[in-house]
Structure formats: structure tokens, C-alpha cells
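Dear colleague,

I am handing over the structure we spoke about, with the sequence and the coordinates placed just below. My notes on what was found follow after it.

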Amino acid sequence: MRHPCPATDMLKKHSTTLHGHRTSITLEDAFWQELQRLAGQRGLPLAGLIAEVDDQRPDGTNLSSALRLHVLAALKTEAASATSRQTA
């Protein structure tokens, strides 16, 4: 049985400036919000974090997918860190 997606998981186009050019990225709100949080934690503008991910992604890789994977990796790192603090 498939569970319905909450409205916040719907794909939305988000506009940003990437390397001096306006572009739009299609992401779910949950991923966009996490990107904003991660950028804030690092003291970066959101466009700066997106540019970092863009610069590090392999050629031919979709930017939206690269951003989702970046968020996933960050959340996994945070979860592992929290787990290790609890067991210490």
C-alpha cells in the first residue's frame, strides 16, 4: 500500500543565482529547508552552499539529485554523531 505524500513533499521550483546566473532547481520543500538550515549552520548564503555542491558534482549529474544526496549525507553524519554521543 502506498502512503500519500504530505503537501510539503511536492516538487517545487526554487530560483537561485549560481555562479552569477539565475537558475531554477526543482526540489521538495523538505530538501530546500534542510539546505537552508545546513547553509545557516556553516554561515554561508544558500547560493554559496548550492555552488559548492554544483562544483563537486560529477559531470552529467543532475544538480537537484546532487543537492538531495548532499542533504542525505549531512543528515546521516548528524545522526551518526548524535548516536556516538549517546553511547559515550
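**What was found**

In helix α1, the buried residues are Asp-29, Trp-32, Leu-35, Leu-38 and Ala-39, where buried means under 20% relative accessible area, exposed over 50% and partly exposed in between, with a 1.4 Å probe and protein chains only. Please keep in mind that this is a predicted model, in which local features need pLDDT of at least 70 and side-chain atom pairs count only at pLDDT 80 or more, while totals for chains, interfaces and linings use all residues. Residues are numbered from 1 along each chain as its sequence is written, and side-chain values use heavy atoms, with hydrogens and water left out.

The chain contains three helices and two strands, and from the N terminus on these elements run β-β-α-α-α. Helices (H or I, at least four residues) and strands (E, at least two) are taken as DSSP runs and numbered from the N terminus. Of the 88 residues of the chain, 26% count as buried. With contact defined as heavy atoms within 4.5 Å, 40% of the contacts between residues at least 6 apart in sequence join residues at least 24 apart.

To begin with the strands, β1 and β2 run antiparallel and are joined by eight bridges, two strands being paired if DSSP finds at least two bridges between them. Together β1 and β2 form a hairpin with two residues between them, and Leu-11 stands opposite Glu-28 in β2. The loop between β1 and β2 holds His-19, which has a positive phi of about 55° although it is not a glycine. His-19 counts as partly exposed because its relative accessibility is 45%.

Glu-28 lies in strand β2 and counts as buried, since its relative accessibility is 16%. The side chain of Glu-28 makes a polar contact of 3.0 Å with that of Arg-68; a polar contact is a pair of N or O atoms within 3.5 Å, and within protein one must be able to donate a hydrogen and the other to accept it, with residues adjacent in sequence counted only if both atoms are side-chain atoms.

Returning to α1, this helix covers residues 29-42, has 14 residues and reaches 20 Å from its first C-alpha to its last, close to the 20 Å expected at 1.5 Å a residue, the expected span being 1.5 Å times one less than the number of residues. The buried residues of α1 pack against β1 (11-18), β2 (21-28), α2 (46-56) and α3 (63-87). Asp-29, which belongs to this helix, is buried because its relative accessible area is 13%, and a polar contact of 2.9 Å joins its side chain to that of Lys-12. After α1 comes Gly-43, whose phi is positive, near 70°.

In α2, the buried residues are Leu-46, Leu-49, Ile-50, Ala-51, Val-53 and Asp-54, and what covers them includes β1, β2, α1 and α3. The axes of α2 and α3 come within 10 Å and cross at roughly 105°, which means that α2 is roughly perpendicular to α3. That contact is made by Leu-49, Ile-50, Val-53 and Asp-54 of α2 and by Leu-63, Ala-66, Leu-67 and His-70 of α3. The axes here are lines fitted to C-alpha atoms, for helices over the stretch in contact, with angles running from 0 to 180 degrees between N-to-C directions; angles under 35 degrees count as roughly parallel, over 145 as roughly antiparallel, 65 to 115 as roughly perpendicular and the rest as oblique.

Which residues does Val-71 contact, leaving aside its neighbours within four places in sequence? They are Phe-31, Glu-34, Leu-35 and Leu-38. Val-71 is placed in helix α3 and is buried, with a relative accessible area of 1%. Val-71 and Leu-35 are 36 residues apart along the chain, yet their C-alpha atoms are separated by 6.6 Å.
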